[in-house]
Protein chains: 4
Amino acid sequence: MALSNPDHLVTSSDPDHPANLIPSLCAKFWSLGWVTGTGGGCSIRDDDLVYIAPSGVQKELLKSSDIYVLSLAAQTSPARTYLRSPPSLKPSQCTPLFLAAFTRRRASCCIHTHSQWAVLVTLLLEANKSSVFEINNIEQIKAFPRPGAANLGFHDTLRIPVIENTPHEEDLTEFLEEAMDKFPDTCAVLVRRHGVYVWGDSVHKAKTQCESLDYLFQLAVEMHKLGISWISDIPRTAPDRS
Amino acid sequence: MALSNPDHLVTSSDPDHPANLIPSLCAKFWSLGWVTGTGGGCSIRDDDLVYIAPSGVQKELLKSSDIYVLSLAAQTSPARTYLRSPPSLKPSQCTPLFLAAFTRRRASCCIHTHSQWAVLVTLLLEANKSSVFEINNIEQIKAFPRPGAANLGFHDTLRIPVIENTPHEEDLTEFLEEAMDKFPDTCAVLVRRHGVYVWGDSVHKAKTQCESLDYLFQLAVEMHKLGISWISDIPRTAPDRS
Amino acid sequence: MALSNPDHLVTSSDPDHPANLIPSLCAKFWSLGWVTGTGGGCSIRDDDLVYIAPSGVQKELLKSSDIYVLSLAAQTSPARTYLRSPPSLKPSQCTPLFLAAFTRRRASCCIHTHSQWAVLVTLLLEANKSSVFEINNIEQIKAFPRPGAANLGFHDTLRIPVIENTPHEEDLTEFLEEAMDKFPDTCAVLVRRHGVYVWGDSVHKAKTQCESLDYLFQLAVEMHKLGISWISDIPRTAPDRS
Amino acid sequence: MALSNPDHLVTSSDPDHPANLIPSLCAKFWSLGWVTGTGGGCSIRDDDLVYIAPSGVQKELLKSSDIYVLSLAAQTSPARTYLRSPPSLKPSQCTPLFLAAFTRRRASCCIHTHSQWAVLVTLLLEANKSSVFEINNIEQIKAFPRPGAANLGFHDTLRIPVIENTPHEEDLTEFLEEAMDKFPDTCAVLVRRHGVYVWGDSVHKAKTQCESLDYLFQLAVEMHKLGISWISDIPRTAPDRS
């Protein structure tokens, strides 16, 4: 029945329904310069159901009826099947990367941006042959989780791995998964000369972590222009109580 | 009859009608800084009918009733005739350039911006006596078409020709056409110290290509400030499947 | 009677009435960063009536009922009298400067911004002990009038005088008037370390010239960062037909 | 009764009620990049009642029902009690810092931003081992109060103290209070690598002073990039009449 009339999967009067949230988030992301020219994307998981913005659409014009839906459990086979496919659109090439965040991290939302600040950070790191973005002693770092209950502290170092870009977005999946394994605490992976993938346990967390990361990327580029190092050695003024 | 009551040509309740789309696009372009101070413009072709924003108007305040309409087929003679001319406005000086994109490339939409990023890129190229903007190994390059079915790949080089500015915008036409002939794959031409013309097979393509180009122009200026080259030599990690 | 019930002077359902236009313009200027922190201002003249935004208000929240009205003809005496004074507000200190544009240039609208681009241009000029901003060979220059009918051409040099700031805004008036006399063609005067005054024959012209100037100020700052001169020597490619 | 049904404390149809003003201000602050990723905050005092945005919320989505309310007089004990606590939210860690502005300065509103311009200014000062931001001879300085009736003059020097960041935001309180004592005229305190606290006698003053400060921080960063000193020696052209 769902297959014969799958539009009910994306029809809701609740503004917090994934099929409504993805368009409102994408419009916001477009204004922030994160999904320029149909680039980037967003996916939300609600239990077993995965909602994904399609490929190649103007993100600020996205509608609920444009959303793809698939079952996370049914994605073990190589061929991907959708519970709902909007007519005359194409599935997002980010799909396997979103699924990696949902299966490996039990994330509920994953955001992919082409933010220029993310791209510029990967270019600055490339000049140093580095594959990890590191920054410490900036208040906004406290927005990020660390293993255990509490978030990172002000003096802690935030580390975001960088993977090399591939000609085909799907081919990034294995490298993204490798980075997830190597950096078990990270909530994001930078893609060199491309952008960033950010996920979280909820839409709220994915979105606010993505904002905080973009803030840090922009700050890092400006710090570089001003000759200020991303890593500094500031004595801890108080024991960490968290 | 059309001539005696031509307002029907720009009257529609369909938000996707060219006479409604041009104002909504221009308002968006104004917010992006592309059409500041009445600069820049936009035209849409629907089969033989060409819709054009007028000269000298505040683009964020444009109304459907301000739109000029002409027939593409009837433009062979030197004197231009309009199916509809709004009273007390002037035709856009970009008109012959828009028509070049429609006749030479069968484009359906052409956008002209004065984006500062476009102007700065032409100034940086001028310092190198260069007339071609070239960039490679940036994900956003994949937004651009290449001869044949598929778009450019990540490792491909996007090339956008630059023509010199002329005192009168109409005089750019022959140089724009020359650049179109010399760069048969390009969807855009930069104008030195002036801006850029971008076209596409649909309004969607022209708009998203214009956005992606502006993204690359901005990125290129920032890369230049950070001492990072626009062209890099990154080994191809996988055969191109497209 | 006007004096006993002067609110009719600012009450109109016409969105183009000066008392409605000033608030909508100021909200736009606030978004552009031109009137941050109650700085800057705007005035419109309709024949003998002059409408002015008050001092010290949040410009994006301005209402029609906040607008001062005075008679241009009645301002010859040293003491200024208002046809309408909103209760519990203060008149703008820019008033005599707006009046200078209306009396000396017969302008219909005058805009004063604290745009950072304007301030930065005056600082860069100060380092060269210069009191004139000059730029040529940029398309946007064609937005500015020159003596006679036509606007400046692409190869012409736009010149905007800079006056030194004074501790009290009213004291700028004589220097503004001097600059108007010395640069009879200018539609704007920069104020060192302060901002810019821009006027025009209509609200449309003042607003679009202010936008075009701000575009050029921003471009000039970016050009300076990139080591590109504001004045260049490009051979004229065609006789000027305008 | 207030305790049994405290929602009336945040329910009002008046857009200027603190429980309505905080959400509308926070949405504006989000657009300005001041409260990215749930960072920053805002509090308003109405006589003895203090209204505070909660911790960890997306500031552009804040609702009146999310607001905490407490009594200023009842905060002398170490344990803080709230007249109203929204269910499933956490109190802001900025609370003791807001209260410091209300008790020590009789402020009516306090704003805390993570603005990148504020952070960059503290980083530039750190490189000079400086703990005071100083700037003079910029018009926007006149937005700030000085002891006695009038505001700072154009030639006066605005001084904003910088305190070092602490791992826990509450621990900033004693240092903020120290800075308030040492700089009795200041309406703001910068926090190194973190942001800024700004207060005022009214919501209007706190908001417009915060805007003017952010304007000066951004201008100062740009001036630094252009090699222009924040402090200059310009002869006073006129006696100060204020």
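Student: How many salt bridges are counted between chain C and chain B?

Tutor: The model is a predicted one, and the count between chain C and chain B is three salt bridges. One of the pairs is formed by Glu60(B) and Lys28(C), whose side chains meet with N and O 2.6 Å apart. The rule also finds 19 residue pairs in polar contact across the interface of chain C and chain B, with both residues at pLDDT 80 or more.

Student: Which element of chain C gives the most to the side that touches chain B?

Tutor: That element is helix 5 of chain C, residues 203–225, which supplies 11 residues. By residue class, the side of chain C that touches chain B divides into 11 nonpolar, 11 polar and nine charged residues.

Student: How is the size of such an interface expressed, and what area do chain C and chain B bury between them?

Tutor: The size of an interface is often given as the accessible area lost when the parts come together. In this model, chain C and chain B bury about 2600 Å² between them. Of that area, 56% lies on carbon and sulfur atoms. In terms of residues, 31 of chain C are in contact with 29 of chain B.

Student: What are the corresponding values for chain A and chain D?

Tutor: Chain A and chain D bury about 2600 Å² between them, with 56% of it on carbon and sulfur atoms. The contact draws 31 residues from chain A and 29 residues from chain D. Three salt bridges are found across the interface of chain A and chain D. Among them is the one between Glu60(D) and Lys28(A), with the closest N and O atoms 2.5 Å apart. Helix 5 of chain A, residues 203–225, gives the most to the side of chain A that touches chain D, namely 11 residues. That side of chain A comprises 11 nonpolar, 11 polar and nine charged residues. As for polar contacts, the count between chain A and chain D is 19 residue pairs, both residues being at pLDDT 80 or more.

Student: How far apart are the nearest C-alpha atoms of chain A and chain C?

Tutor: They are 12 Å apart, and chain A and chain C do not touch. Chain B and chain D likewise do not touch, and their nearest C-alpha atoms are 12 Å apart.

Student: Where does UniProt place the feature "active site", and is that residue buried or exposed?

Tutor: The UniProt record, an unreviewed entry, places this feature at Glu139(A). Such an annotation may be inferred rather than shown by experiment. Glu139(A) has 5% relative accessibility and therefore counts as buried, the cut-off being under 20%. The residue is found in the loop between strand 5 (132–136) and strand 6 (157–163) of chain A.

Student: Which residues does Glu139(A) touch, leaving aside those up to four places away in sequence?

Tutor: Within chain A, Glu139(A) touches Phe154(A). From chain D, His114(D), Asn165(D), Glu169(D), Arg193(D) and His194(D) touch Glu139(A).

Student: Why is helix 2 of chain D described as largely enclosed by the rest of the structure?

Tutor: Helix 2 of chain D spans residues 95–105, and nine of its 11 residues are buried, so the helix is largely enclosed. The buried residues include Leu97(D), Phe98(D), Leu99(D), Phe102(D) and Arg105(D). What covers the buried residues includes strand 1 (41–46), strand 4 (109–113) and helix 4 (173–182) of chain D. Helix 2 of chain D is followed by Arg106(D), which has a positive phi near 55 degrees.

Note on methods:
Residues are numbered from 1 along each chain as its sequence is written. Chains are lettered from A and ligands numbered from 1 in the order in which they are written. This is a predicted model: local features need pLDDT of at least 70, side-chain atom pairs count only at pLDDT 80 or more; totals for chains, interfaces and linings use all residues. Side-chain values use heavy atoms; hydrogens and water are left out. Contact means heavy atoms within 4.5 Å. Buried area is the accessible area (1.4 Å probe) that two parts lose on being put together, summed over both. A salt bridge is a side-chain nitrogen of Lys or Arg within 4 Å of a carboxyl oxygen of Asp or Glu. A polar contact is a pair of N or O atoms within 3.5 Å; within protein, one must be able to donate a hydrogen and the other to accept it, and residues adjacent in sequence count only if both atoms are side-chain atoms. Helices (H or I, at least four residues) and strands (E, at least two) are DSSP runs, numbered from the N terminus. Ala, Val, Leu, Ile, Met, Phe, Trp, Tyr, Cys and Pro count as nonpolar, Asp, Glu, Lys and Arg as charged, and the others, Gly among them, as polar. Buried means under 20% relative accessible area, exposed over 50%, partly exposed in between (1.4 Å probe, protein chains only).
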